[in-house]
Amino acid sequence: PEAVAVETEDETIIIGAEEEMAGASFGENLADHIEDSDLQNLSSELMGAVDTDRGSRKDWEQTYIRGLELLGLRIEERSTPWPGACGVFHPMLSEAVIRFQAQSIMETFPAKGPVKTQIVGNLTEDKEKQAVRVADEMNYQVTEVMTEYRSEHENMLFALPLAGSAFKKVYYDMDLERCTSVFVPAEDMVVSYGASDLESCPRYTHIMKKTKNEVRKLQLSGFYRDIDLPDPTPDISKIQEEYDEMQGVDPSYEHDDRYTLYEIHVDLDLAGFEELDGSGEETGIGLPYVVTIDKSSSEVLSIYRNYLENDPLKKKMLHFVHYKYLPSLGFYGYGLIHCIGGLARSATSILRQLVDAGTLSNLPGGLKSRGLRIKWDDSPIMPGEFRDVDVPGGAIKDSISFLPYKEPSQVLYTLLGNIVDEGRRFAAQADMKVSEMSNQAPVGTTLAIMEKGMKVMSAVQARVHASLKGEFRILANLIRKYMPAEYSYEVGDEGAVRANDFNEVVD
């Protein structure tokens, strides 16, 4: 039976655990044990919530798209105010992004590995050896085993200063049989309105793209429900369209066999798996789950518990790390697009005006009388070229009148310099260089400035380091939980076991 009721003099005791009633073990896909009608209702509810979440950040997406245009990564052919007008972009924004990415990758990913360890509590010789083994193992994982880590980290550091937010997803890949860490752009991470961070957020969604083959492999492995899915419907967002235009690529919808999946991390009071109190009554409290839904068919592919089996508090497990460039008043951080996007747009506008003014000054246009005949008058005159002119009467200058074009304005040029200086001063840290110091400066002062230049002084870098620490904590938990207990190489310490080294003693 699903449950047994034992009547006593004091009360009736219901014997039957939550898993036994539902017929599913803790780590199973719960979607295989729920009726189709209930799955359809759940899918409809969650899909509507995700669409609402995406609509709540519409203004953020528009600001981000307009800012991407200012990078100047494509050549713009302008037809106004005349065909061939200057379409150059000022590189102030792209320069700041490239500088930040180059500095941050050197600070956060040295050649020997980025992981350092610290011992919590009293220092002993065994703990020190354990800390060395943990640091060596994690650096070995991120530099040698996790081959995608550096490239994904560089992609994250490039997108972070632009959007203000970027995410890393750290998980154990069953196909690769190892841990992996991938970059998730901010546009693919949708959070509920009013959220402050991922830990307290009641619902956040990772928008994934998976091919037919990838989905089928997950179905055969039992991770997703083995159901028939219709052919995928291409789902290209406006931000992706801007990316494609910047890169000069055109998506092929005929051969795009990628499914758009919503991986929703949400608190649910799931029917049949309710939270029970000590007396066996339902509490009505939502528990953390991870629900994956195919967007085109609205089919629920999987439902998994997102808390540890032996955790009495059933706290949500985090698989994502949020990197912020600058803190903001909401969930997403502020990036260079929000902070100096207006300056970059103004610098681009003034630069184009100066170039166009120089073009008009060098090749002026004007008016000529109807009776004046010039050979090949539809093409500009080359330097050193003379053409035949038929003058009906009088001097040539009486038949031609030039429009009053001026040379490039010195005021605009000075204003452009001031705007660029303001933008660069905001985007980069103005450290005093040793070459700018006086030769008579004391040695101690010179050494202090050199030491200051080598340190990470920016608060942005400090936030990157704090998020990186959270990423390594997730990675350490995955190594302890999923990786083999023994090291894959000789560690030199007799009796050292990887499963025992990765504990709370070493941070």
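**A quick walk through the model**

Okay, let me start with a cysteine: Cys 339 is partly exposed, with a relative accessible area of 29%. Before I go on, please keep in mind that what you see above is a predicted model. The other cysteine I want to show you is Cys 201, and this one counts as buried, at 1% relative accessibility. How many disulfides does a search of the whole structure find? The count comes back as zero. As a reminder, a disulfide is a covalent bond between the sulfur atoms of two cysteines.

Let's begin with β7, which covers residues 258-268. Is this strand mostly buried or exposed? Nine of the eleven residues in β7 are buried, so the strand is largely enclosed by the rest of the structure.

Now, who are the neighbours of β7? One of them is strand β6, residues 203-211, and the two run antiparallel, with nine bridges between them.

Let's keep going from β8. This strand pairs with β9 too, antiparallel, over five bridges. Which residue of β9 is the bridge partner of Val 290? That's Tyr 304. β8 and β9 make a hairpin, with five residues between them. In that turn sits Ser 298, with a positive phi of about 60 degrees. As for β9, the strand is mostly covered: six of its six residues are buried.

Glu 177 isn't a glycine, yet its phi is positive, about 55 degrees. You'll find Glu 177 in the loop between β3 (165-173) and β4 (178-185). Glu 177 counts as exposed, because its relative accessibility is 60% and the cut-off for exposed is over 50%.

Then there's Lys 314, also something other than glycine, with a positive phi near 50 degrees. Lys 314 belongs to the loop between β9 (300-305) and β10 (320-324). Lys 314 has a relative accessible area of 22%, so we call it partly exposed.

Okay, a quick stop at a helix. Ser 94 is part of helix α4, which covers residues 92-108. Buried or exposed, this serine? Ser 94 is buried, at 13% relative accessible area. A polar atom of the Ser 94 side chain lies 3.2 Å from the backbone oxygen of Pro 91.

Last stop: the surface. Which residues make the nonpolar surface patch here? They are Leu 367, Leu 403 and Tyr 405, and the patch comes to about 280 Å². Leu 367 sits in strand β11, residues 366-368. With a relative accessible area of 58%, Leu 367 is exposed.

Definitions and conventions:
Residues are numbered from 1 along each chain as its sequence is written. This is a predicted model: local features need pLDDT of at least 70, side-chain atom pairs count only at pLDDT 80 or more; totals for chains, interfaces and linings use all residues. Side-chain values use heavy atoms; hydrogens and water are left out. Helices (H or I, at least four residues) and strands (E, at least two) are DSSP runs, numbered from the N terminus. Buried means under 20% relative accessible area, exposed over 50%, partly exposed in between (1.4 Å probe, protein chains only). A polar contact is a pair of N or O atoms within 3.5 Å; within protein, one must be able to donate a hydrogen and the other to accept it, and residues adjacent in sequence count only if both atoms are side-chain atoms. A disulfide is a pair of cysteine sulfur atoms within 2.5 Å. Two strands pair if DSSP finds at least two bridges between them. Patches are made of residues with over 30% relative accessible area and no salt bridge: like charges are joined within 9 Å, nonpolar side chains (Val, Leu, Ile, Met, Phe, Trp, Tyr) within 5 Å. Accessible areas come from the Shrake-Rupley method with a 1.4 Å probe; for residues, only the protein chains shown count as cover. A salt bridge is a side-chain nitrogen of Lys or Arg within 4 Å of a carboxyl oxygen of Asp or Glu.
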